[in-house]
Amino acid sequence: MRSRVLFGIFIMALLAFSFTVTLTNLFMRDITRVAASLSLTTLSFSGLLMVLFIGTNLISKDIDKRTIYMVISRPISRTEYVVGKFIGLCLLIILAVLFLGCISSIPVYISGMTYDNPLAGFKWGVYFAAIIMIAMKLMLVASLIMFFSAITSTSFISLILTVATYIVGSTIEVAKGLMDVKMEGVEISPFMGALIQAVYFVFPNLSLFDLKIQAVHGIALSAGYLFWICIYWLFYTGIMITGGALIMERREFP
Amino acid sequence: MAIIEIRSVSKTFKKEFSGRKVEALRALDLFISEGEVFGFLGPNGAGKSTTIKLLLNFIRPSSGSIMIEGKDPSDKNVRRSIGYLPENPYFYDHLSAEELLRFGGGSCNLDDAVIRERSSTLLQDLDLVDARKRPLRSYSKGMVQRAGIALALIHDPKILILDEPMSGLDPMGRKKVFDLILRLKANGKTVFFSSHILNDIERLCDRAAILINGSLRRLINVNADLKNGATLEDEFFEEVKKSGGLRE
């Protein structure tokens, strides 16, 4: 916990979890569902803040402050450098999500136990699957940061590019869905259609990793669905890390 | 056979916004033998640090070739034989000197026991034993410089590339580094170092190169060429004068 940013984000998340219990008391029904939704949102948001603030500084700060010389003057290839940074960030994400994820289940449990049999229909397995998916989404965002850090020279630009990609990636599924539903009187130009299609294929579809609805309503997840999400995650993360490593291999550090 | 071969290397940088090209090195030829202590001299902006960055593969030549122990510097294994001290060492300042050396040794796959033993000797030699557990951010400039030298030496490399190793050191620190380079020389290490302190180069080096405006102006064999009271300082200023001063 050398990083004050990390400490601040943890405190913010813990306060939000405690606030969840109070807030759910304002609802008359579906208390567990509200608590689960709030807890998962808090976990996802604080995890995102952590990845953005810690991740964008990892490589860019090394280049800004020239600490990269200390690393690449050793028998370490640029690819190993990028992969090493990514693995380090992934370990931090896993630990943080594990810690915050366990804590997030406390308000859900307390809210559930407040009333008679309120946990009926709620599936802890799906809730924890949603937490794992949040961790996977954050690791995918980490791979985006590695890629953007390799192509830019300042942490601010890589932060902006990552946030923009995150927003597009989280909303593109909705845009594509709206386009696919043919509504009477609504005409989508061929150019706009092609653009949405292109963005859909190029940008990461982060909404795939959002299992909040399934967790809140206790909807069982099929193994096949989870398997394909994992394949998608591997594919996209692999491309980002490979791309970042290739760019770093070619890059000069005058 | 030369352990470091720099053949006709030129390096041109393109300015980020104006796109203007700046020629930092012009057709540099240098061949450094094993066990040689080689001094690299030149005014600021002469291309000394550029040459060193080329040797470490931080940047790549625009033309020409570089070989270290017969291998291209882009081969990461070449750097197992190299210990490098940057001009202004920047480290992760939350690390202590001990942690820094553990990282240095670990990156070269040294055993923990070897790292512990070498760290202890180097920290002793460089007068950092008492500060070994303190974060580097609390070090003075001279102490950071000495920690950087320890990092360069932790894996017992064959070649030392030191960019201004004496800069920021007090007289005691300079003496320590001076003695260390002498000891490295006695142990048959190849030392390539740049410095503005002409007297140090004269006393330590077998040969010295004078680089001005990116071009090699003169190669001096310190023992053979500096006779009859001639000093490296005289030679250096003469070359600067002959070159017509410094390029803007």
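A polar contact is a pair of N or O atoms within 3.5 Å; within protein, one must be able to donate a hydrogen and the other to accept it, and residues adjacent in sequence count only if both atoms are side-chain atoms. The model is predicted, with local features needing pLDDT of at least 70 and side-chain atom pairs pLDDT 80 or more, while totals for chains, interfaces and linings use all residues. Residues are numbered from 1 along each chain as its sequence is written, and side-chain values use heavy atoms, without hydrogens and water.

**View 1. Polar contacts and salt bridges between chain A and chain B.** Between the two chains, 17 residue pairs are in polar contact (both at pLDDT 80 or more). Two salt bridges (a side-chain nitrogen of Lys or Arg within 4 Å of a carboxyl oxygen of Asp or Glu) are counted between chain A and chain B. A:Glu252 is in a salt bridge with B:Lys11, where the closest N and O atoms are 2.8 Å apart.

**View 2. The contact between chain A and chain B.** In contact (heavy atoms within 4.5 Å) are 23 residues of chain A and 26 residues of chain B. About 2200 Å² is buried between the chains, 55% of it on carbon and sulfur atoms; buried area is the accessible area (1.4 Å probe) that two parts lose on being put together, summed over both.

**View 3. The kink in α2(A).** Helices are DSSP runs (H or I, at least four residues), numbered from the N terminus. A kink of about 40° is centred on A:Leu58, the bend being the angle between axes fitted to the seven residues ending there and the seven starting there.

Definitions and conventions. Chains are lettered from A and ligands numbered from 1 in the order in which they are written. Helices (H or I, at least four residues) and strands (E, at least two) are DSSP runs, numbered from the N terminus.
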